[in-house]
Amino acid sequence: MLITKERRKVALKGIGISGGVATGRLCYFTRYTFDNMPETSDDPNREIDKWINAVTTACEQLGRLSDVTKRRAGAGMAALFEAHLVMLSDVEFGDRVSEFIHSYGMSAETAIHKTAQEFYNMFAAMDDEYMSARCMDVIDIAIRVLSIMVGCEERFDDISPESIMLSSFLTPSEAANMMFSGVSGFVLSNADKNSHTAILARTLGVPLISGIDADRSFAYVGAEATINGSTGEVKFI
């Protein structure tokens, strides 16, 4: 992308979430929107099989991610993805998915979406920082299972090393996979300082800035930029 002399003077300003300085090319991450999921099904047994198969694959993926995280960021951060495994195995979560399928005729995709929404609302309503942080964990799990189910899993190994990722938000597992693939920094629209994504970035020393509208900043994709995770500044080279 060609940056004119005028644009070089532009500096975006957000909120510093994870300190450090990084220089790289801005890339934009967008995930599958799941807009075309089937809502209902007349074969509940088939939908249960889809749910079970997707969860089995998700657990295998999380096990591998936990192992890599333990090596790269320590046992404390690996415990985050072990908690995702526990949530996926949670009887209450699975029973609610099954209820939506059998009692309401929902597809497995819609049942997962509805169940995740209920758990998200439950955690969000709790006046506790730790439990509130689990809201994004629920989203993370739902995105993972749905991506497996519809065959649209992200390929993080295709990300260019030392790039700076621009996005509306990132789940902890998305951020972890990107950091392990060599992404040098993040510029997000929304990232709470107490979120697991932010904690993981600080653990690995990767700069992270929040509060910059990713969609409005899309025009800068491809530009070389330097970000400061302490001051929240994005400067173009």
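This is a predicted model: local features need pLDDT of at least 70, side-chain atom pairs count only at pLDDT 80 or more; totals for chains, interfaces and linings use all residues.
Strand S7, residues 224-228, has side chains that alternate between two faces.

**S7 and its partners**
- On one pairing, S7 runs antiparallel to strand S3 (residues 21-28), with 5 bridges between them. Here threonine 23 sits opposite threonine 226.
- S7 also pairs with strand S8 (residues 233-236), again antiparallel, through 4 bridges. Isoleucine 227 faces valine 234 across this pairing.
- S7 and S8 make a hairpin with 4 residues between them, and glycine 232 in the turn has a positive phi of about 80°.

**Aromatic pairs**
- The model has 7 aromatic pairs. Tyrosine 32 and phenylalanine 34 make an edge-to-face one, because their ring centres are 5.1 Å apart and their planes are at 80°.
- Within that pair, tyrosine 32 is partly exposed at 37% relative accessible area, whereas phenylalanine 34 is buried at 12%.
- Tyrosine 220 and phenylalanine 236 are stacked, at 4.3 Å centre to centre with 20° between the planes. This pair links distant parts of the chain, 16 residues apart: tyrosine 220 is in the loop between strand S6 (208-210) and S7, and phenylalanine 236 is in S8. Both residues are buried.
- Trp51, Phe93 and Phe119 form one aromatic cluster.

**Charges over rings**
- Arginine 31 puts its charged end over the ring of phenylalanine 169, 4.1 Å from the ring centre.
- Arginine 96 does likewise with phenylalanine 100, its charged end sitting over the ring 4.2 Å from the centre.

Definitions and conventions:
Residues are numbered from 1 along each chain as its sequence is written. Side-chain values use heavy atoms; hydrogens and water are left out. Buried means under 20% relative accessible area, exposed over 50%, partly exposed in between (1.4 Å probe, protein chains only). Two strands pair if DSSP finds at least two bridges between them. Rings of Phe, Tyr and Trp (its six-membered ring) pair if their centres lie within 6.5 Å; planes under 30 degrees apart count as stacked, over 60 as edge-to-face and the rest as tilted. A charge sits over a ring if NZ of Lys or CZ of Arg is within 6 Å of the ring centre and within 35 degrees of the ring normal.
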